[in-house]
Amino acid sequence: MRAKNLAGILTCMILFTGLTVYLAPTILPSVAPVSASSRTISLVGTVAGYNYYWNNSNPTITVAKGDTVTINLSSADTTSHRLLIDFDNNGFGTSPDCTTGADQCSATFPPSTSISFTVNYPPGTYKYYCTIHPNSMVGNFVVQPPDFGVSSNPPNLSILQGSNANSTITVSSINNFAGTITLSANPSPAGPTTSFGTNPLTVSSGGTATSKLTILIPQTVSPGLYSITVTGTNSSGSPSHTTAISVTVTKPDFSTTSSPTSLTVPPSSSGTTSITLTSSNGFSGTLTLSGTVSPSGPQVSLNPTSVSLSAGGSTPSTLTVSTVSSGYYSTPVAQGNYTVNITAPSGSLVHSTSVSLTVGSTSSAPPSSPSLPLLPIAGGVIAAIAAAGVALFLRRRSR
């Protein structure tokens with residue numbers, strides 16, 4: 001009978017332990033590693049098998065230096081517990097020590113109790129444990145160092161030669177950081193110049209501070225991609241942090257297009273097409289147009305030949321192609337295919353567009369290969385046939 005009772009008791013204990021392990025994650029508070037100026041943490045003394053634990057798993061507690069922490073303590077059963085956080089690193093593994101000012105200790109519980117304190121301890125990893133069950137109820141208490149972050153908005157800029165743009169640099173407090181941050185900017189490759197509206201920045205605990213970064217692109221800087229690295233440095237010894245700004249340098253430009261791009265003009269006639277000049281990247285100025293024809297023959301003219309282009313605008317010019325012979329002794333323009341090229345220069349910028357020209361029809365012979373006089377030939381053939389017919393008729397009649 002005793003054996004049966006003992007077996008029953010052991011079976012109940014195993015089932016109870018398994019149920020506790022299964023339900024613990026849902027009924028016991030978790031300890032999430034968050035950063036805030038005020039923290040409330042709950043620790044519950046639990047039992048699993050023959051051992052006791054905090055929250056069934058002895059979770060790691062993560063706080064930041066300067067946080068105000070409140071730890072609420074209770075027990076899942078009637079077993080007594082007492083919390084000690086070993087900030088002087090001299091109690092765990094020897095005899096529990098709640099006598100020094102550095103350590104944080106609770107009263108013995110249940111039913112429940114709590115402790116509150118400000119984390120003014122050096123950053124590092126400490127032990128927290130139960131002084132009554134130190135071998136199993138032990139976990140890590142992590143104090144994170146104050147820090148800061150640096151960011152930029154916008155992180156990507158497109159800037160014209162000879163102009164500037166701004167990006168806002170934000171320094172944010174992390175883990176209750178408070179202090180002075182000195183900013184510096186380094187362009188790569190060299191060329192752009194930078195300046196800060198406010199430097200250095202004073203950051204309060206949990207707050208942010210901003211400075212306007214102005215990036216100037218001198219007229220001599222070549223178009224292309226540049227990177228501006230902004231570094232924030234704290235004199236107290238915290239690690240430096242950086243943010244990068246991508247800068248695309250562009251230069252004023254324009255384009256030249258024709259519409260339509262092909263033209264068919266009969267001999268001794270003329271035709272027109274529109275040439276459009278369009279500003280890009282803020283280009284403005286006066287452009288002088290010129291036209292050439294290859295091979296020579298047709299005559300071209302532009303109206304107007306001088307075009308004033310405003311930034312962001314577009315201006316048309318009319319191209320006229322003439323196939324009329326000029327002068328009393330001039331050679332008629334041969335039928336065939338030609339190319340008209342329109343050029344618009346502005347300093348080192350030169351853009352052009354071409355128009356395909358057909359004189360006559362699309363099946364005309366190439367220039368310098370004059371077509372045969374079909375009408376005279378046809379008339380001669382008809383006259384020869386008529387003469388042969390008349391001769392045959394007279395010959396039959398004479399017989």
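Helices (H or I, at least four residues) and strands (E, at least two) are DSSP runs that are numbered from the N terminus. The structure described here is a predicted model, in which local features need pLDDT of at least 70 and side-chain atom pairs count only at pLDDT 80 or more, while totals for chains, interfaces and linings use all residues. Residues are numbered from 1 along each chain as its sequence is written, and side-chain values use heavy atoms, with hydrogens and water left out.

The protein contains 28 strands and two helices. Of its 399 residues, 34% are buried, a term that stands for under 20% relative accessible area, with exposed meaning over 50% and partly exposed the range in between (1.4 Å probe, protein chains only). The accessible surface is about 21500 Å², and carbon and sulfur atoms hold 56% of that area; such areas come from the Shrake-Rupley method with a 1.4 Å probe, and for residues only the protein chains shown count as cover. Among contacts (heavy atoms within 4.5 Å) with a separation of 6 or more, 66% are between residues 24 or more positions apart.

We can turn next to the interior. A nonpolar core is a set of buried Ala, Val, Leu, Ile, Met, Phe, Trp, Tyr and Cys residues joined through side-chain atoms within 4.5 Å. The largest one has 24 residues, of which Ile215, Ile245 and Val247 touch the most other members. Elements giving two or more residues to this core include strand E12 (164-174), strand E16 (208-216) and strand E18 (241-250). Another core, of 23 residues, lies apart from it and includes Val293, Leu309, Ala344 and Leu357. In soluble globular proteins, nonpolar side chains tend to be buried together. Beyond four places in sequence, the contacts of Ile215 include Leu157, Ile159, Pro192, Ile228, Ile245 and Val247.

Two strands pair if DSSP finds at least two bridges between them. On this basis, five strands form an open sheet with mixed pairing, in the order E11-E18-E17-E13-E15. E11 and E15 each have a single partner strand and stand at the edges, so one side of each lacks a neighbour in the sheet. From one strand to the next, the twist averages 30 degrees, where axes are lines fitted to C-alpha atoms, for helices over the stretch in contact, and angles run from 0 to 180 degrees between N-to-C directions. Five bridges link E11 and E18 in the parallel sense, and Ile159 is placed opposite Val249 in E18.

An open antiparallel sheet has four strands, ordered E19-E21-E26-E24. Its edges are strand E19 (253-259) and strand E24 (299-303), each with a single partner strand, so one side of each has no neighbour in the sheet. Here the twist averages 25 degrees from one strand to the next. E21 and E26 (residues 314-322) run antiparallel and are joined by nine bridges; Thr272 has Thr320 in E26 as its bridge partner. Ser270 belongs to strand E21 (residues 270-280) and counts as partly exposed, at 46% relative accessibility. Although 53 residues apart along the chain, Ser270 and Thr323 have C-alpha atoms separated by 5.9 Å.

Finally, His81 lies in the loop between strand E4 (68-75) and strand E5 (83-86). His81 is buried, with a relative accessible area of 0%. Its contacts beyond four places in sequence include Tyr52, Trp54, Phe109, Cys130 and Met137. The side chains of His81 and His133 make a polar contact (3.3 Å), that is, a pair of N or O atoms within 3.5 Å; within protein, one must be able to donate a hydrogen and the other to accept it, and residues adjacent in sequence count only if both atoms are side-chain atoms.
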